[in-house]
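Dear colleague,

I am handing over the structure below, together with a summary of what was found in it. Please read the notes alongside the sequence and the 3D view.

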Amino acid sequence: MPTADPMGVLSGVHFLDGDQACCEGALAAGCRAAFGYPITPSTAVVERISLRLPLVGGVFVQMEDEIASSIAIQGAAWGGSKVMTVSSGPGMSLMMEHVGLAAMTETPCVFVNVQRGGPSTGLPTLPAQADMMQARWGSHGDYEIIAICPNSPQECFDLTIMAFNLAERYRVPVMFMMDEAVGHMTEKVVIPKADQIEVEYRQLPEGPREDYLPYRPGKNMVPPMAPVGEGYRFHVTGLTHDERGYPAMDAGAQAELVKRLVDKIRLQAEDICQVEEHQLEDAEVIIVAYGITSRVVLRTLQMAREKGLKLGVFRPVVVWPFPEARLRQLAGNKQVRALVVPELNLGQISLEVERIVAGEARTVLVPHAGGALHDPREILRVVEEVLG
Amino acid sequence: MNDHVNPVEPYLRMERMPHIWCPGCGIGVVVNCFVRAIEKSGIDRDKIAVVSGIGCTGRIAGYVKMDSFHTTHGRPIPFATGLKVARPDLSVVVLSGEGDLISIGGNHFIHGARRNSDIKVFCVNNFTYAMTGGQVGPTAPIHSIATTAPYGSYDKPFNLPFLADSSGAVYVARWTTYHVRQLTRSMTEALTKPGFCFLEIVAPCPTIYSRRNRLGDGLDAMRFYKKASKVVNGANTRMVGLELKGPIIVGKFVDRDRPTLLEAMNNEFIPKLGKKYTPYPTGVKR
């Protein structure tokens, strides 16, 4: 696999916040075009990228709003660039139509969402994890995306590279779901040498231009993506389309296209999913946590184990597609009595967990409306209650 | 046997014919002029990308045999800006209607012109949302009838050349679909001029707008355009607003030069960043 362009890689040991680390991850991944609009708490990402892109041969344009940002990236993606935009809360809501466009036209792009409390203007400066369902279903219609939840500045770097690679491999919008706490947390970030960073680029068509069908699926159910300006004379539309890319207004074409858009993610979830597991071997209760909350619960785990409680932690690093198979397997284990799901919302991923385990084990939500993080002792109290 | 091939045909996706446009509609004329302008400009068609939004005019992207993008409602201008940033060597042309570009996309329009994004915006103004059946639009003349203005439109329409001019477009012209030669010439000039170039093309919608407002059929529209149009090149754009059945001032109103978005970026960064900055390709030959 090709490795990163050294120009964009700030190799070394740094002290960065999550927003800055995310920006460096994007540059290392090869992002050379970014469009954005300032909004708390994601502003630091666009500030850093406006500072850095001109030095690495790229362009940042601050657009007139988030709607413009979320489609300017798609123009640039079709122009051959690796692209991203960044926002939070209300800005993400404005971008949702274009998440759907990217899904429909199979445009590789990364949307970074530094989550804050909502709904509406909500809590601009404080964390939440309440956009998880919006990330998956925020645009109208049926489609699938990929969503990744980092829990540290180091992961904001590493997983941003993964976000770009997945976007390019599957030609899909990837939602990079940070939150205010991860975005503003400052820690050591190690940036490796460029030759140690693998980067992917979309599959390009082969064969004669006149035979090219822009939406004929190739490897991984993903159609090769032609470069613009090279005589392919392709058409791209947000309308339901056939393999030629032409509008096709009937139920058959709709079924064929939409099913593939969904299946290319659902059926390849094994390749996309990434999880982290702690002390599950003998666990009677499993905490399922993601993003910043997956760090908070490590303290709960430590306290529980000190008390002799058989607790484990299961963390989806990639939240969409959800690691269903593995979770079902864990829940099927006889010793597992319950899954405890703390999240900074009033029940989103917990519903998914409940659906997946389908009664094999109890699912207990530890809700939090956002604005702060869970107290690890509060989660421990729920674990103790569950264990009776 | 007739072996004559219409010179426009090689530029069309003939396998998609018949198109969706109604008899007498002005959009076909616009496509025809556009293709002839490409030929006249000498630009390799494979180095031109066409971007449209949603609506009747938005369907142009689907019929031209070129790299073409049918985007979302109101957003072809920022899409085109992104495409041009990634590929400054390409000519990027936005072809869309006034409802798309000026109403829902109005903010993108003024900002595209302000930053002089090097894109060409050819706006077909038929005074109505035709695809959805004839609702009132941002250029609908006062007193005109629409399905959502059943007693007559009463809010002031935009004067598009004035809007483009005051927002910073470097080239602003207006023609009707009667003025095919002038329109083709303006399109050719716009294609070869760096910066945000805007053309308003006044076009008939016989099925909906003209019928509802008792303006006759497509041929009547041509007769009206011929009679009502007055060429005033260099006209003060403030003075070229349109009224129902009123005179139509046409011509090239603005033709000036200023740095494009990418040129301006280089102009700012080269002295500030020195050797740390590699000038970005702009695609502009001056």
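**The sheet with E15 of chain A**

In strand E15 of chain A, A:Val340 is the bridge partner of A:Ile287. Please note that the model is a predicted one. The pairing involved is that of strand E12 (residues 285-288) with strand E15 (residues 338-343) of chain A, which is parallel and has three bridges. Helix H12 (residues 349-357) of chain A lies across E12, E15 and E16 of chain A, at about 160° to E15(A). Helix H13 (residues 376-387) of chain A packs on the sheet as well, where it touches E12, strand E13 (311-316), E15 and E16 of chain A. The direction of H13 also makes about 160° with that of E15(A).

The sheet as a whole is open, with five strands of chain A in the order E11-E13-E12-E15-E16 and mixed pairing. Its edges are formed by strand E11 (275-278) and strand E16 (362-367) of chain A; each has a single partner strand, so one side of each is left without a neighbour in the sheet. From one strand to the next, the twist averages 20°.

**An enclosed strand in chain B**

Strand E7 (residues 171-176) of chain B has six of its six residues buried, so the rest of the structure largely encloses it. On one side B:Tyr171, B:Ala173 and B:Trp175 are buried, and on the other B:Val172, B:Arg174 and B:Thr176 are buried. As background, side chains in a regular strand alternate between the two faces of the sheet.

E7(B) pairs in the parallel sense with strand E8 (residues 197-202) of chain B over six bridges, and in the antiparallel sense with strand E10 (residues 248-255) of chain B over four bridges. B:Arg174 has B:Glu200 as its bridge partner in E8(B), while B:Gly251 stands opposite B:Arg174 in E10(B). Together with helix H7 (residues 180-192) of chain B, E7(B) and E8(B) make a right-handed β-α-β unit.

**The nonpolar core**

The largest nonpolar core holds 206 residues, and those that touch the most other members are A:Ile146, A:Ile148, A:Val174, A:Phe176, B:Val51, B:Phe122 and B:Phe198. Helix H6 (residues 153-170) of chain A gives the largest share of this core, 10 residues. Beyond its neighbours within four places in sequence, A:Ile148 has contacts that include A:Leu159, A:Val174, A:Phe176 and A:Val318.

**Where the chains meet**

The contact takes 39 residues from chain A and 34 residues from chain B. On the side of chain B that touches chain A, helix H3 of chain B supplies the largest share, eight residues. By class, that side has 15 nonpolar, 11 polar and eight charged residues. Strand E10 (residues 235-237) of chain A and strand E2 of chain B run parallel and are joined by three bridges; A:Thr237 has B:His70 as its bridge partner there.

**Backbone details**

Two cis peptide bonds deserve mention. One runs from A:Gly118 to A:Pro119, with omega near 0°, and the other from B:Met17 to B:Pro18, with omega near 5°.

Positive phi values occur at A:Met221, about 65°, and at B:Phe127, about 70°, although neither is a glycine. Is each of them buried or exposed? A:Met221 counts as partly exposed because it has 15 C-beta neighbours inside 10 Å, whereas B:Phe127 is buried, with 30 other C-beta atoms within 10 Å.

With kind regards

How values were computed. Residues numbered from 1 in each chain as written. Chains lettered and ligands numbered in written order. Predicted model: local features only at pLDDT ≥ 70, side-chain atom pairs only at ≥ 80, totals over all residues. Buried ≥ 20, exposed ≤ 12 C-beta atoms within 10 Å, placed from the backbone. Helix = DSSP H or I, 4+ residues; strand = E, 2+ residues; numbered from the N terminus. Pairing = 2+ DSSP bridges. Right-handed = clockwise from strand over helix to strand, strands pointing away. Core = buried A, V, L, I, M, F, W, Y, C linked by C-beta atoms within 7 Å. Contact = placed C-beta atoms within 7 Å. Nonpolar A, V, L, I, M, F, W, Y, C, P; charged D, E, K, R; others polar. Axes fitted to C-alpha atoms, helices over the stretch in contact; angles between N-to-C directions.
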